[in-house]
Amino acid sequence: MKAVIVFVTALFFLYFANPIFATAPVITAYPTGTLSLDTSFTVTATMSGLSKSAIYRLRVALAQPGTSNYFGSTYDGTNWNMGSIADGNFINITTDGYGAWGGDIQGKIDSNDPNFTTGSGTYDLKIGRYTQTGTTVTWSDPPSSVSIIVPPTPTPTPTNTPTPTLTPTPTSAPTSTPTLAPTPTSTPTPTATPIPTSTPISGQPVKPSLGPQPMSVLGESTNNNVPSVSPLDGLLSTENNPVPADQTKKPDTTFQMISMILGVIFIVTCAILTFRIIKKGDVAINEEE
């Protein structure tokens, strides 16, 4: 009877006891689409068979299948932690009173992660568990398969530098040359047409006609018997118009004026000399006395 009780008890503990791999994280949900760089995603995981109310550290990691070149960042609620356990704390979790835990973890693929060098492709997604102070990792098993797409690096298109447009140099306006006003041509003075002389009849000179005679002046005699004197009478030759004998010679008044002036000067000079001689004689007489 005792043997039966011990056997049943052993079966009970073997049935309800957690296997040794039950302490590894188990991924229950993960992104099935394509993962993009610098975009966060969520992974749901559970654990059991751990120490009760104990603190553990978890991280999200990706690697090519069959390799251990892990990369990826884990959000701890404040910061993104990238690299190995020695480079960051990742996210801290605490098990319950039964040594179990379940929840979401946020991960991201940083474009500047030095461990991510393989580009687009299919990768293994894992959850790693560390103790609070340890550095040994326990990975989730089996890993989940995800796709990562890395957009091609755009080739910079050279920017055409616009050619500066030359500003046209303003052309100076031509200076207009002032047009000189035409010099008025002097009107030639008409030359007097010589007045023809009439042919003398019976040897008597005939005075030329100078056109209509001037009208008589008020107060003058209108007697037609008084001969009129023409202003051109003096211009006619002596043959046709003999000059009267009493008008042939005129006295030279210029010579007379000069003679009178010289005579006056002579008389004044003589008077001055006489006055001086008399004055000197009076002086000499006064000295002798």
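Me: Which strand does Ile-149 lie in?
Reply: Ile-149 is in strand β11, residues 144–149. Strands here are DSSP runs of E with at least two residues, helices are runs of H or I with at least four, and both are numbered from the N terminus. Before we go on: this is a predicted model, where local features need pLDDT of at least 70, side-chain atom pairs count only at pLDDT 80 or more, and totals for chains, interfaces and linings use all residues. Residues are numbered from 1 along each chain as its sequence is written, and side-chain values use heavy atoms, with hydrogens and water left out.

Me: What does Ile-149 touch, leaving out residues up to four places away in sequence?
Reply: Thr-34, Leu-35, Ser-36, Leu-37 and Ser-120 are the residues Ile-149 touches on that basis. A contact here is heavy atoms within 4.5 Å.

Me: Switching topic. How many salt bridges does the structure hold?
Reply: One. The side chains of Lys-108 and Asp-110 form it, at 3.5 Å from N to O. The term covers a side-chain nitrogen of Lys or Arg within 4 Å of a carboxyl oxygen of Asp or Glu.

Me: And are Asp-110 and Lys-108 buried or exposed?
Reply: Asp-110 is buried, and Lys-108 is buried too.

Me: What does the side chain of Asn-81 make a polar contact with?
Reply: The side chain of Asp-76, at 3.2 Å. A polar contact is a pair of N or O atoms within 3.5 Å; within protein, one must be able to donate a hydrogen and the other to accept it, and residues adjacent in sequence count only if both atoms are side-chain atoms. Asn-81 belongs to strand β6, residues 80–82, and counts as buried because its relative accessibility is 12%.

Me: Let's do the strands. How many residues of β4 are buried?
Reply: Eight of the nine residues in β4 (55–63) are buried. β4 pairs antiparallel with β7 (91–94) over four bridges, with Arg-57 opposite Asn-92. β4 also pairs antiparallel with β9 (121–131), over eight bridges, and there Tyr-56 has Thr-131 as its bridge partner. Pairing takes at least two DSSP bridges between the strands.

Me: Which residues make up the covered face of β3?
Reply: Phe-41, Val-43, Ala-45 and Met-47, while Thr-42, Thr-44 and Thr-46 are on the uncovered one. β3 runs antiparallel to β8, joined by seven bridges, one of them putting Thr-42 with Gln-106. β3 also pairs antiparallel with β1 (26–29) over three bridges, where Val-26 partners Thr-46.

Me: What about the largest nonpolar core, which residues have the most contacts inside it?
Reply: Phe-41, Leu-62, Ile-109 and Ile-148, in a core of 25 residues. β3, β4, β7, β8, β9 and β11 each supply at least two residues of this core. By core I mean a set of buried Ala, Val, Leu, Ile, Met, Phe, Trp, Tyr and Cys residues joined through side-chain atoms within 4.5 Å. In soluble globular proteins, nonpolar side chains tend to be buried together. Ile-109's contacts beyond four places in sequence include Phe-41, Leu-62, Phe-71, Phe-116 and Ile-148.

Me: Where does Asp-38 lie?
Reply: In the loop between β2 and β3. Asp-38 is not a glycine, yet has a positive phi of about 60 degrees. Asp-38 counts as partly exposed because its relative accessibility is 41%.

Me: And Ser-53, buried or exposed?
Reply: Exposed, because the relative accessibility of Ser-53 is 51%. Ser-53 has a positive phi of about 50 degrees without being a glycine, and lies in the loop between β3 and β4.

Definitions and conventions:
Buried < 20%, exposed > 50% of the residue type's maximum accessible area, 1.4 Å probe, protein only.
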